[in-house]
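My entries follow the display.

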Amino acid sequence: MGDPKQFTLITAQERLRDQVAHALRAALVAGELRPGHVYSAPGLAADFGTSATPVREAMLDLAREGLVEPVRNKGFRITEVSERDLDQYTELRALIEVPTIGKVTGIATVEQLEELRPVADEIVTRAREHDLIGYLDADRRFHLGLLTLAGNERLVETVGDLRKRSRLYGLTRLDERGQLVASAEEHVELLDLMLAGDAAGAQECMARHLGHVRSLWAQARDEPVEPRPRHRLGGR
């Protein structure tokens with residue numbers, strides 16, 4: 001058997017890497033890490049109050065998600081998403097998710113749909129609490145949870161990838177303008193329509209929600225976000 005101390009060390013390193021990755025995603029969402037800019041692992045490590053190794057490992061995790069790209073001997077560049085990219089990602093999501101929501105409305109049980117009620121409520125709560133990372137996490141669990149009920153794992157993987165590629169850099173601005181709560185409440189509306197068996201209404205709501213998110217993103221993107229200092233891990 002392996003050395004328990006070594007196993008504990010590896011586990012601690014993985015946990016630190018996950019903490020750094022979470023902090024980096026938060027910085028991306030808040031606009032503290034800007035698209036097109038190159039950031040070095042040592043520089044980010046100094047900001048977060050940790051060593052460079054877990055930052056590099058976390059950045060590689062984000063690279064696999066398409067959020068950053070390695071730049072030889074310099075660090076990592078935050079990948080940019082053009083308006084055309086966003087339009088195409090939104091179109092693909094609509095082509096997949098809108099009819100799938102109609103299908104799920106017809107086949108899912110009340111119990112299956114009600115299991116997602118706490119997640120829909122959590123999205124609204126996170127928006128009201130200005131918890132952007134918590135909001136995105138709950139939003140991901142809700143949408144992918146609904147799609148999972150269709151029984152097609154590849155479909156869920158595809159939408160999950162599209163979501164990562166069309167992440168919301170301007171979420172902070174939406175939160176500051178009070179528009180995030182309205183978007184969050186659309187999840188509760190969608191779930192209620194599905195529970196009522198209104199497939200057509202659910203599809204219309206899903207299409208409207210995707211279009212709403214896209215338009216809000218465009219509005220927020222036009223407004224610059226002043227960079228704010230990143231907090232150290234474990235800080236407030």
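I looked at H7 and found 12 of its 17 residues buried, so this helix is largely enclosed by the rest of the structure. Buried means under 20% relative accessible area, exposed over 50%, partly exposed in between (1.4 Å probe, protein chains only). Helices are DSSP runs of H or I, at least four residues, numbered from the N terminus. The model is predicted: local features need pLDDT of at least 70, side-chain atom pairs count only at pLDDT 80 or more, and totals for chains, interfaces and linings use all residues. Residues are numbered from 1 along each chain as its sequence is written, and side-chain values use heavy atoms, with hydrogens and water left out.

Next I took H8, residues 153–165. Its buried residues include Leu155, Val156 and Val159. Seen down the axis of H8, the buried residues fall within an arc of 160° (taken from the directions from the helix axis to the C-beta atoms), so they line one face of the helix. They pack against H4 (83–107) and H7, contact meaning heavy atoms within 4.5 Å. On the other side of H8, Glu153 and Arg154 are exposed.

I then listed salt bridges (a side-chain nitrogen of Lys or Arg within 4 Å of a carboxyl oxygen of Asp or Glu). The structure holds 17. Arginine 163 and aspartate 139 form one of them, at 2.6 Å from N to O. Arginine 163 lies in H8 and aspartate 139 in H7, so the pair ties together parts 24 residues apart in sequence. Arginine 163 is buried at 14% relative accessibility, and aspartate 139 is buried at 9%.

Definitions and conventions. Helices (H or I, at least four residues) and strands (E, at least two) are DSSP runs, numbered from the N terminus. The expected span of a helix is 1.5 Å times one less than its number of residues.
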